[in-house]
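Have the sequence and the 3D view ready, and read along slowly. This report takes a few local features one at a time.

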Amino acid sequence: MKSSSNCSSTSGDMLTEDLIYEILLRLPVKSLLCFKAVSKYWCSLIRSPSFIKSHLSITRPGDDETLIVVEHHDDLSFSLLHLGCCKIAADLKSPFSEGELPSRDPYVEIVGSANGIVCVSSCDVQFSFLKCTYLWNPATKEKKLIPPHTTPDGKQNYNVPSGIGFDPIDNDFKVVTHNHDAVYSANMNAWRAIPSNSVISSLRISFGVWVDRFLCWTTIRGGFTALDLNKEVFNFFTELPNRFKYGHIAKFNNSIVVINNEDEGYNKRGGEFSLWMLDDVECLSGGGAEASWTPMLTVNVDVRITVLYAQQYFNTGNLLISCGGSWYLYNTDTKENKKLPVSETWGHIFMYKESLVSIAGFKHVECS
């Protein structure tokens, strides 16, 4: 603040510019959007790239316990789910306008979330026709339509993308095609081909996990690979730890954790899961450093549910478990499980942290 008019006139009660800045950094996005109207200076400050970056870097209560989900009812609604109380924290305005959902068997898929930006696609329930894909900031209620990807032979790619990540070197959000053969740059608003690699054909059909500047997938043969979002190449491959044949990867403490179930959990009650963490994500850069893994824990999920897989592990000691159309939070210490208040959620659930991040070409989500 350049002027003391924004502060108390009593010198003993006056807030310094630095203190006001620190207070603003710790406020939720909804409050900051309101405070932009206080003055031109506050508006300029809150919209500045340095403030947005600092605001994103601060950890607030509940940051690691908030998920974004979509429930496949008639209205295909989006919600924020808080794991601390296992309750819906907020209902979100859908980024899709009228006519942007297929008229027959509409379906919405969350592709992923990075720095408060969520990638969402609308398609039919068989995933055979992609209607449109958005980059969406639910907190600021802004969105950007991603142009369709066209294959080298001139055909439009109608498949849902396979992942979203953020490249911190170029400050760019990247989205990868279903076939892992092209990457979209939000800065360039264009698609570029990914150099052909023998690993690409063996990737599992799943959504990538973003960590640092890498987007990671497992392979159908028990391997693990990463796309360097800055260089836009696959230049790393390693086997999963402990010779695992199956493994679901997740982001944990800014690294990668492998959650393994040898039997994949199908048609059985409960299941034993092993968790291993990647020691150093820099090995993903492909500079020759070998990947090393540290075992974290082994847990027997002794609950009377048919476990499909464990999708996420949290600092609270909770496993997020998928079971058909339902989701459970299983505490590895107390052995207690809680059914989450979401139903008919066949899509993926992703961790979400709100932010002020904006992307060139953003437009406001229209109110219904």
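**Aromatic pairs**

Please keep in mind that this is a predicted model. Searching the whole structure for aromatic pairs gives ten of them. One of these is made by Tyr21 and Phe51, whose ring centres are 5.6 Å apart with planes at 85 degrees, so the pair is edge-to-face. Are the two residues buried or exposed? Tyr21 is partly exposed, with a relative accessible area of 22%, whereas Phe51 is buried at 0%.

A second example is the pair of Phe207 and Phe350, with ring centres 6.1 Å apart and planes at 65 degrees, so it is edge-to-face as well. Phe207 is buried at 15% relative accessible area, and Phe350 is buried at 14%.

Here are the two pairs in one table.

| Pair | Distance of centres | Angle of planes |
|---|---|---|
| Tyr21 and Phe51 | 5.6 Å | 85 degrees |
| Phe207 and Phe350 | 6.1 Å | 65 degrees |

**A charge over a ring**

Which ring lies under the charged end of Lys251? It is the ring of Trp210, and the charged end of Lys251 sits 3.9 Å from the centre of that ring.

Now return to helix α1, where Leu19 is found. Leu19 is partly exposed, with a relative accessible area of 41%. Together with Leu15 and Ile23, Leu19 makes a nonpolar surface patch of about 240 Å².

**Cysteines and a tyrosine**

How many disulfides are there? The count comes to zero. To see why for Cys123, look at its sulfur: the closest cysteine sulfur, in Cys132, is 9.8 Å away, too far for a bond. For a disulfide, the two sulfur atoms would have to be within 2.5 Å. Cys123 is also buried, at 1% relative accessibility.

The C-alpha atoms of Tyr158 and Cys132 are 9.0 Å apart in space, and the residues are 26 apart in sequence. Tyr158 is in the loop between β7 (142-146) and β8 (163-167), and Tyr158 is partly exposed, with a relative accessible area of 34%.

**Two loop residues with positive phi**

Finally, look at the backbone. Glu232 has a positive phi, near 60 degrees, and is a residue other than glycine. Where is Glu232? Glu232 sits in the loop between β14 (223-228) and β15 (233-239), and at 9% relative accessibility Glu232 is buried. Asn253 is not a glycine either, yet its phi is positive, at about 50 degrees. The loop that holds Asn253 runs between β16 (248-252) and β17 (255-260).

Conventions: Residues numbered from 1 in each chain as written. Predicted model: local features only at pLDDT ≥ 70, side-chain atom pairs only at ≥ 80, totals over all residues. Heavy atoms only, no water. Buried < 20%, exposed > 50% of the residue type's maximum accessible area, 1.4 Å probe, protein only. Helix = DSSP H or I, 4+ residues; strand = E, 2+ residues; numbered from the N terminus. Phe/Tyr/Trp six-rings, centres within 6.5 Å; stacked < 30°, edge-to-face > 60°. Lys NZ or Arg CZ within 6 Å of the ring centre and 35° of its normal. Patch = residues over 30% accessible without salt bridge, like charges linked within 9 Å, V, L, I, M, F, W, Y side chains within 5 Å. Areas by Shrake-Rupley, 256 points an atom, 1.4 Å probe, with all protein chains shown as cover. Salt bridge = Lys/Arg side-chain N within 4 Å of Asp/Glu carboxyl O.
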